[in-house]
Amino acid sequence: MLPVKKPVREYRTLDEIRQRKDELLNELQQDNTQFTTLWNQVFLKRENNSKSDYIAGLVTNGIVAFDTFMLVRKLMKNYSSLFGFGKGKKKKK
């Protein structure tokens with residue numbers, strides 16, 4: 001997402017700067033409470049899981065782990081010379 005350019009305000013007095021500072025402080029506090037709420041919701045423990053949901057989660061996590069392992073193995077096989085591992089171009093004597 002591209003950043004949105006906001007119009008630049010011109011401040012003529014210290015009171016205007018202080019007022020804007022207070023507005024920004026309030027906005028930051030509101031954003032902080034929203035982020036804290038969302039962060040805490042991420043780590044809520046779900047108590048309503050049945051045994052089948054638990055097993056399905058284990059299978060899904062296992063498949064993701066295996067898929068990740070295979071992807072890394074394939075990338076290392078094809079591009080290991082970029083990282084200085086494995087068989088790269090050997091120097092001729």
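R20 lies in helix α1, which spans residues 14–42. Helices here are DSSP runs of H or I with at least four residues, strands are DSSP runs of E with at least two, and both are numbered from the N terminus. The model is predicted, so local features need pLDDT of at least 70 and side-chain atom pairs count only at pLDDT 80 or more, while totals for chains, interfaces and linings use all residues. Residues are numbered from 1 along each chain as its sequence is written, and side-chain values use heavy atoms, with hydrogens and water left out.

The protein has two helices and zero strands. Of its 93 residues, 2% are buried. A residue is called buried under 20% relative accessible area, exposed over 50%, and partly exposed in between, with a 1.4 Å probe and protein chains only as cover. The protein exposes about 10200 Å². Carbon and sulfur atoms supply 60% of that area. Accessible areas come from the Shrake-Rupley method with a 1.4 Å probe; for residues, only the protein chains shown count as cover.

Next come the contacts of R20. Neighbours within four places in sequence are left aside; beyond them, R20 is in contact with R9, Y11 and E27. Contact means heavy atoms within 4.5 Å. The side chains of R20 and Y11 are also joined by a polar contact of 3.5 Å. A polar contact is a pair of N or O atoms within 3.5 Å; within protein, one must be able to donate a hydrogen and the other to accept it, and residues adjacent in sequence count only if both atoms are side-chain atoms. Y11 sits in the segment before α1. Its relative accessible area is 36%, so Y11 is partly exposed. With neighbours within four places in sequence again left aside, Y11 is in contact with E16, I17 and R20.

Charged pairs were then examined. The whole structure holds four salt bridges. A salt bridge is a side-chain nitrogen of Lys or Arg within 4 Å of a carboxyl oxygen of Asp or Glu. One of them joins E23 and R9, with the closest N and O atoms 3.6 Å apart. This pair links distant parts of the chain: E23 is in helix α1, R9 is in the segment before α1, and 14 residues separate them. E23 is partly exposed because its relative accessibility is 29%. R9 is also partly exposed, at 47%.

R20 forms a salt bridge with E23 as well, and here the closest N and O atoms are 3.3 Å apart. R20 and E23 are three residues apart in helix α1, so about one helical turn separates them. Salt bridges that share partners join R9, R20 and E23 into one network. R18 and D15 form another salt bridge, at 3.6 Å from N to O. These two are also three residues apart in helix α1, and therefore about one helical turn separates them. An α-helix has 3.6 residues a turn, so residues three or four places apart point the same way. D15 is exposed, because its relative accessible area is 55%.

Attention now turns to helix α2, residues 51–83. This helix bends by about 60 degrees at K77. The bend at a residue is the angle between axes fitted to the seven residues ending there and the seven starting there. Just after α2, G84 takes a positive phi of about 85 degrees.

A nonpolar patch on the surface is formed by L71, V72, L75, M76, Y79, L82 and F83. Together they have about 710 Å² of accessible area. Patches are made of residues with over 30% relative accessible area and no salt bridge; like charges are joined within 9 Å, and nonpolar side chains (Val, Leu, Ile, Met, Phe, Trp, Tyr) within 5 Å. V72 is found in helix α2. Its relative accessibility is 44%, so V72 counts as partly exposed.
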